[in-house]
Number of protein chains: 2
Amino acid sequence: MRLPRYYRYLGELLEEGVERISSGELSARMKVTASQIRQDLNNFGGFGQQGYGYNVKYLYEEIGRILGVDRKHHLIIIGSGNLGQAIANYANFERRGFIVSGMFDVNPALFGRSVRGIEIRSMDGLEDFIREHDVQIAALTMPKTYAPQVADRLVAAGIKAIWNFAHTDLTVPEDVVVENVHLSESLMRLSYRFCSMQEEREK
Amino acid sequence: MRLPRYYRYLGELLEEGVERISSGELSARMKVTASQIRQDLNNFGGFGQQGYGYNVKYLYEEIGRILGVDRKHHLIIIGSGNLGQAIANYANFERRGFIVSGMFDVNPALFGRSVRGIEIRSMDGLEDFIREHDVQIAALTMPKTYAPQVADRLVAAGIKAIWNFAHTDLTVPEDVVVENVHLSESLMRLSYRFCSMQEEREK
């Protein structure tokens, strides 16, 4: 699933005013082999013309369409601590069609406060809010203890996409997609690679 | 690199007081095939005795050792906005030996403030701080524009492990490990899978 990465690089090229790019140039920039690039991009309908390179804007828009970032998606954030607020504050998501419609928490002290104009609400109104605002994606940034029961409520309310930051795996029906961001595991992967490298050096 | 996931599950089993577990039980819990589990764990020195299952505590400690979480690692956070603060506030990292020693920012309004007792400092003292506190890992949670130059400073100061949350790829020497957490790309993967699933349903 390298498409989001292509999308990021193509976006940067567009910002730099680059109109066409060869697989060789893209390869040097992304540190992926040119043949891998040709293979990846040919899967998606032959964007490149032999000898002319890729049309950056066309490729960017086509990949954007495949990734679904040409549409608007309404997103809610459940858990309005630092991590939830960091996501709400990241305005770049909105440029890609991900609109943060609401934030939720269980802590009454947060109710009515706003982050970038987005109100923090009580969990009581969760189901109504999802229905009224046509919410499709929910980001879970609360502690893992509550995550499974909240996921069940979301699924019952019709949510089909969960962005899960809680440190636990969720059990959901087959037609619901879950994308996990397990930060502890990411930090342990870093630590593992760091320790292996250190052992190499000591040899 | 499934070890961090095993580590998390084994930690949960330990908390539940489970002393031994068979590859079949672990398989059902982790949704990985039993043969995959045997293969993964046999790579690390035959923790399981045929017919007796795995000793949970032993396996947890051995995997912890391989992941380097039996040691202390000093970590700094560069970028003290919501995301940096979310990481600083996540006390679980400390239980795994990742000690947040310092936080840095370029915004003078933040200098001297503390998050969970960790002071936010000016970037001016970065190199001295790294040396004096034996810092090994740096988490980058600042905007992508500054990330490459900060990474260069870190590498020059001897940092060998970068946990990169900035939405850009970093160029570092071969002996420096970088673990990327690109949240935009994660959200696009979710959106892609969500849109594909929706198209399936409409067929």
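A:Glu185, A:Met188, A:Arg189 and A:Tyr192 in helix α9 of chain A meet B:Leu3, B:Pro4, B:Arg5, B:Tyr7 and B:Arg8 in helix α1 of chain B. Two residues are in contact here if their C-beta atoms, placed from the backbone, lie within 7 Å. By class, the residues of this contact of α9(A) with α1(B) divide into five nonpolar, no polar and four charged. Ala, Val, Leu, Ile, Met, Phe, Trp, Tyr, Cys and Pro count as nonpolar, Asp, Glu, Lys and Arg as charged, and the others, Gly among them, as polar.

The model is a predicted one, in which local features need pLDDT of at least 70 and side-chain atom pairs count only at pLDDT 80 or more, while totals for chains, interfaces and linings use all residues. Residues are numbered from 1 along each chain as its sequence is written, and chains are lettered from A and ligands numbered from 1 in the order in which they are written.

**Helix packing between the chains**

- The axes of helix α9 (residues 183–202) of chain A and helix α1 (residues 3–15) of chain B come within 9 Å and cross at roughly 125 degrees.
- Axes are lines fitted to C-alpha atoms, for helices over the stretch in contact, and angles run from 0 to 180 degrees between N-to-C directions.
- α9(A) and α1(B) are therefore oblique to each other; angles under 35 degrees count as roughly parallel, over 145 as roughly antiparallel, 65 to 115 as roughly perpendicular and the rest as oblique.
- The crossing of α9(A) and α1(B) is right-handed, a crossing being left-handed if the near helix is turned anticlockwise from the far one by less than a right angle, and right-handed if clockwise.
- Helix α1 (residues 3–15) of chain A and helix α9 (residues 183–202) of chain B have axes that come within 9 Å and cross at roughly 125 degrees.
- That angle makes α1(A) oblique to α9(B).
- α1(A) passes α9(B) in a right-handed crossing.
- From α1(A), the residues A:Leu3, A:Pro4, A:Arg5, A:Tyr7 and A:Arg8 meet B:Glu185, B:Met188, B:Arg189 and B:Tyr192 in α9(B).
- Five nonpolar, no polar and four charged residues make up the contact of α1(A) with α9(B).

**The whole contact between the chains**

- Chain A puts 44 residues into the contact and chain B puts in 43 residues.
- On the side of chain A that touches chain B, at least two residues each come from α1, α4 (56–67), α5 (82–89), α6 (92–95), β8 (161–164), β9 (177–180) and α9 of chain A.
- α9(A) gives the most to this side of chain A, with 14 residues.
- The side of chain A that touches chain B divides by class into 23 nonpolar, 12 polar and nine charged residues.

**Chain A as a whole**

- Chain A has nine helices and nine strands; helices (H or I, at least four residues) and strands (E, at least two) are DSSP runs, numbered from the N terminus.
- The C-alpha trace of chain A spans about 60 × 50 × 35 Å along its principal axes.
- Of the 203 residues of chain A, 37% count as buried.
- A residue is buried if 20 or more other C-beta atoms lie within 10 Å of its own, exposed if 12 or fewer, and partly exposed in between, with C-beta atoms placed from the backbone.
- Among contacts in chain A with a separation of 6 or more, 54% join residues 24 or more positions apart.

**The nonpolar core**

- The largest nonpolar core has 110 residues, and those with the most contacts inside it are A:Leu140 and B:Leu140.
- Such a core is a set of buried Ala, Val, Leu, Ile, Met, Phe, Trp, Tyr and Cys residues joined through C-beta atoms within 7 Å.
- Not counting residues up to four places away in sequence, A:Leu140 touches A:Ile78, A:Gly79, A:Ala147, A:Val150, A:Ala151, A:Ile162, A:Trp163, A:Asn164, A:Phe165 and A:Ala166.

**Single residues**

- A:Lys31 lies in the loop between α2 (23–30) and α3 (34–42) of chain A, and its phi is near 55 degrees, a positive value in a residue other than glycine.
- A:Lys31 counts as exposed, with 8 C-beta neighbours inside 10 Å.
- B:Arg116, in the loop between β5 (114–115) and β6 (118–122) of chain B, has a positive phi near 50 degrees and is likewise a residue other than glycine.
- With 12 other C-beta atoms within 10 Å, B:Arg116 is exposed.
- A:Asp134 is in the loop between α7 (126–132) and β7 (137–140) of chain A and counts as exposed, with 11 C-beta neighbours inside 10 Å.
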